[in-house]
Structure formats: structure tokens, C-alpha cells
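Me: I have a model open and want to go through its packing. Please take my questions one by one.

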Amino acid sequence: MFARTERLLLRPGWPEDWQALFNAINDEGIVCNLARAPWPYTPEVAKEFAAKPQDPFYPNFFLTLPTESGSQLVGCCGLGETDQGEAEIGYWIARAHWGQGYATEAAGAVIEIARTIGHRQLHCGHFIDNPASQRVIEKLGFVQQGPAVLRYSAGRGKDVPCMEYVMELEPLLQVA
């Protein structure tokens, strides 16, 4: 599955992307804000993630920016399943591309993909010490769900206070 936004091409990862992935995410300041990525982030972890088969109901996308010499990986965004079986959106952006609106742009496209493939609700969250992600989530229109809860961060190796959000997705109109 592929998607195009104003500036980005969202595409599946391929095994040969592992080095670009490793170079973009191998930053403790990024990984510590993710729930599932371990720290240290090793080349083996990058190879595993880049080669991971796509789940059609929970797709993940490499966010690429067209350049004169091809394209540049600026981050990832995709859908996953929470421990409670709910659809969750997650994203990260390489440090060199922070503050340029790529997370909001990519997540907006992934929300539309989620709606198209039949999800009716999306969850997301941010660790409370990550206000940049909070701004992205709020811009997208997610609604906060109560006080902070503890969520495990593989990058930090411990439970961390996390704010949780939800978005109801209206079904696409059926044409008769």
C-alpha cells in the first residue's frame, strides 16, 4: 500500500531500507519516545523492521521525501494493535526533520487509510515528557482520555506516564 501527501510518499519498508532506517532512528532522543523500539537500536533491529511483512489491516509506512538523487527517509508512521486489541497510530520523525509538519501530514494520511480499510476508532498516545507529539495529536483532532497512565517504553526499559487519546472515524459513504 502506498499514499502520497503534499510533500511525502508513504510506502512499505523493504529489506534494503535497513541502513536508511538505522541512520534515521538511531537516536536515543527519538527511541525514548516510542513504546516498542528498543534502545540501543541496533542494525539487526533495523533489518528486522525493514523486512517485516505488512499486515493489510495494520499497515506501516516509511515516510520518504523526494530529492534530486532519489528519496530520503524522514520517518515512519503506521497502525498497530494495542494490548487490548484496539487500532493505534504511531509515528516518529528523524531529528533532522523535526518541526516541519511531517508527522502531522503523514499521520493525517494514515488516518484516512485507517478509515478506508474499515477502522472505526483509532487510539494514540504520547509520553508526558514529549510535548511535540502532544501538539501533533491535538492538531489531528484526537480527544484525550482521562489522566496519564503508565505505559512500557522499550527504549527506556521501564513504565512511563503516558497520555492516551482516541478518535472516532466515520465510515466512508456507501454509494448504491
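**Packing, question by question**

Reply: D17 sits in the loop between β2 (9-11) and α1; helices (H or I, at least four residues) and strands (E, at least two) are DSSP runs, numbered from the N terminus. This is a predicted model, where local features need pLDDT of at least 70, side-chain atom pairs count only at pLDDT 80 or more, and totals for chains, interfaces and linings use all residues. Residues are numbered from 1 along each chain as its sequence is written, and side-chain values use heavy atoms, with hydrogens and water left out.

Me: Is D17 buried or exposed?
Reply: Buried means under 20% relative accessible area, exposed over 50%, partly exposed in between (1.4 Å probe, protein chains only). D17 touches R11, P12, A50 and F62, not counting residues up to four places away in sequence; contact means heavy atoms within 4.5 Å. Its relative accessibility is 10%, so D17 counts as buried.

Me: Why are α4 and α5 called oblique to each other?
Reply: Their axes come within 10 Å; axes are lines fitted to C-alpha atoms, for helices over the stretch in contact, and angles run from 0 to 180 degrees between N-to-C directions. Angles under 35 degrees count as roughly parallel, over 145 as roughly antiparallel, 65 to 115 as roughly perpendicular and the rest as oblique. α4 and α5 are therefore oblique, crossing at roughly 45°.

Me: At what angle do the axes of α1 and α3 cross?
Reply: The two helices are α1 (residues 18-25) and α3 (residues 43-51), with axes that come within 8 Å. W18, L21 and F22 of α1 meet P43, A46, K47, F49 and A50 of α3. The crossing angle is roughly 125°.

Me: Which residues does a cis peptide bond join?
Reply: Most peptide bonds are trans. P40 lies in the loop between α2 (28-31) and α3. Omega is about 0° for the cis bond, which joins W39 and P40.
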